Amino acid sequence: MAIPSWKLTNDYNLKNNDLVLLFFCNGQKACFPAAKLPVQLQDIKPPREKGASAAVFIGKISGKRIHVKTIRLDAEHFSPLQKMKKEIASAISAAKDCEAARIFVPMAKEHEDLICAAHEGAVLGGYSFDKYLKKKAKPAAVVVATGSVSSALNRNLGKDKAVYEFANFARDISNEPPNYMSPSTMAPKLRSAGAGAGLKVTIWNEQRLKKEHCGGIVAVGRGSKDKPRLMIGEYAPRGAVASICLVGKGVTFDTGGYCLKGSAHQIGMKYDMSGAAMMWAASCAIARLKLPVKLTVFAPLVENRISDISYLTSDVLKMRNGMTVEVSNTDAEGRLIIADSLVLASERKPDCIIDAATLTGACVTALGEDIAGAYGTNDNIVKQLISAGHAVGENFWQLPLYMPYMGQLDATIADCKNCGSGQGGGSITGALFLKKFVSDKTKWMHLDIAGPAGKEDSLDHLGKGSKGFGVKTIVKFVETMVS
């Protein structure tokens, strides 16, 4: 991956081929100390329209070629922080065209929130997956000049750096094509990242999964020569004040099985491991930050392929908790691998369990590609998670665990089916299926991230490809949980 370098400095001197971004708050008020800039730039005015930007200077100042752009942060549909992130990411792209060596952002020291937003705009917004490109372009550096820096700002930037590092790790994992990322190649990458962050990592192979009666994971993964695995990461610091289990769907590629997806719908199915990448990356960040929480993360890894030993519609599977499931759709495979993992999580009796999965197209139909669905057995923790997401710029919307739809999962030869029989509400019935595998005494949330995790086009300041969606939210949620 390519990521711009980021630097905070108190040096306001310009360099040759700088792209200078001058931000204005509340319309006319400069967010930067004009007196620190060359005299030619001290009287520059903001654009007239709200949220607008304009190139106002291209030329030489003291013999140095400079590009200057003015930007108003009062956009109609975006907060100033969102606008800052988007503009920094946009400038990184624009720097290639104007051959700028660095992006220079002067800021007044009182705008620490905007400085943090610029940091995210650079490190997450400037990310690109260029591993398989013959010609790789080095992104321009982002330099923010400000006055004295508070200890609080330094702490926040340090914490954010760790979270962004693992969010980009999740993106690297999910962006890999299926011929390079499978259960056997994903497992060591997760193991290495987890061990480096402070997780105790255990890997269950197919034989261990059979021994542990994880019938859903075994069935979905058996059609591939690259056999299933279950990654388990544990973090148990002294003085932990809460406990949590995280579960993430890790389908490295989803053909749909014998309920085969059309060719157009198979595009993007490499992102079907985004839940596992998200939850593992968030767990690594939590361990790196040494948050006082006892944590276990489960990442079941499978390929959903067609072969002479693939699972079939009408198969009856026996799950970890003894429940039998009739397979009504082999393309509803994610819930089967999560179900076994939820039983394992429930056995640990944590304060809270959260699972994340690119589970249903129905959630995308309901909420669009930018918003994830959130279900839960406890409204308070769902609201806390939605609030955590809002604080870090990730959008979740609560959807109902509408119990009358549970009847759609009834089966005649097994305890239940894996897919609802109704014409709508597919995201709800998917969540209700998962609910069967969680202890009634446990607070549980299900996050359907099919939209933002699998969105190929840009999402706010995040470019094409995987977004690493949800990593920031989970870390923030755990921070509030233990505070």
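**Close-up views of a predicted model**

Six aromatic pairs are counted in this structure, which is a predicted model.

**View 1. A tilted pair formed by Tyr 132 and Tyr 180.** The ring centres of Tyr 132 and Tyr 180 lie 4.8 Å apart with their planes at 40°, so this pair is classed as tilted.

**View 2. Lys 86 over the ring of Phe 78.** The lysine is placed over the face of the phenylalanine, at 4.8 Å from the ring centre.

**View 3. A nonpolar surface patch that includes Leu 312.** The patch is formed by Tyr 258, Leu 260, Ile 306 and Leu 312, which together have about 370 Å² of accessible area. Leu 312 is located in the loop between strand E12 (293-304) and strand E13 (316-318), and its relative accessible area of 39% falls between the limits of 20% and 50%, so this leucine counts as partly exposed.

**View 4. An open, mixed sheet of three strands.** The strands follow the order E13-E14-E18, with E13 and strand E18 (416-417) at the edges, each pairing on one side only. Strand E14 (residues 324-326) pairs with E18 in the parallel sense over two bridges, and Val 325 stands opposite Cys 416 in E18.

Conventions: Residues are numbered from 1 along each chain as its sequence is written. This is a predicted model: local features need pLDDT of at least 70, side-chain atom pairs count only at pLDDT 80 or more; totals for chains, interfaces and linings use all residues. Side-chain values use heavy atoms; hydrogens and water are left out. Patches are made of residues with over 30% relative accessible area and no salt bridge: like charges are joined within 9 Å, nonpolar side chains (Val, Leu, Ile, Met, Phe, Trp, Tyr) within 5 Å. Accessible areas come from the Shrake-Rupley method with a 1.4 Å probe; for residues, only the protein chains shown count as cover. A salt bridge is a side-chain nitrogen of Lys or Arg within 4 Å of a carboxyl oxygen of Asp or Glu. Helices (H or I, at least four residues) and strands (E, at least two) are DSSP runs, numbered from the N terminus. Buried means under 20% relative accessible area, exposed over 50%, partly exposed in between (1.4 Å probe, protein chains only). Two strands pair if DSSP finds at least two bridges between them. Rings of Phe, Tyr and Trp (its six-membered ring) pair if their centres lie within 6.5 Å; planes under 30 degrees apart count as stacked, over 60 as edge-to-face and the rest as tilted. A charge sits over a ring if NZ of Lys or CZ of Arg is within 6 Å of the ring centre and within 35 degrees of the ring normal.
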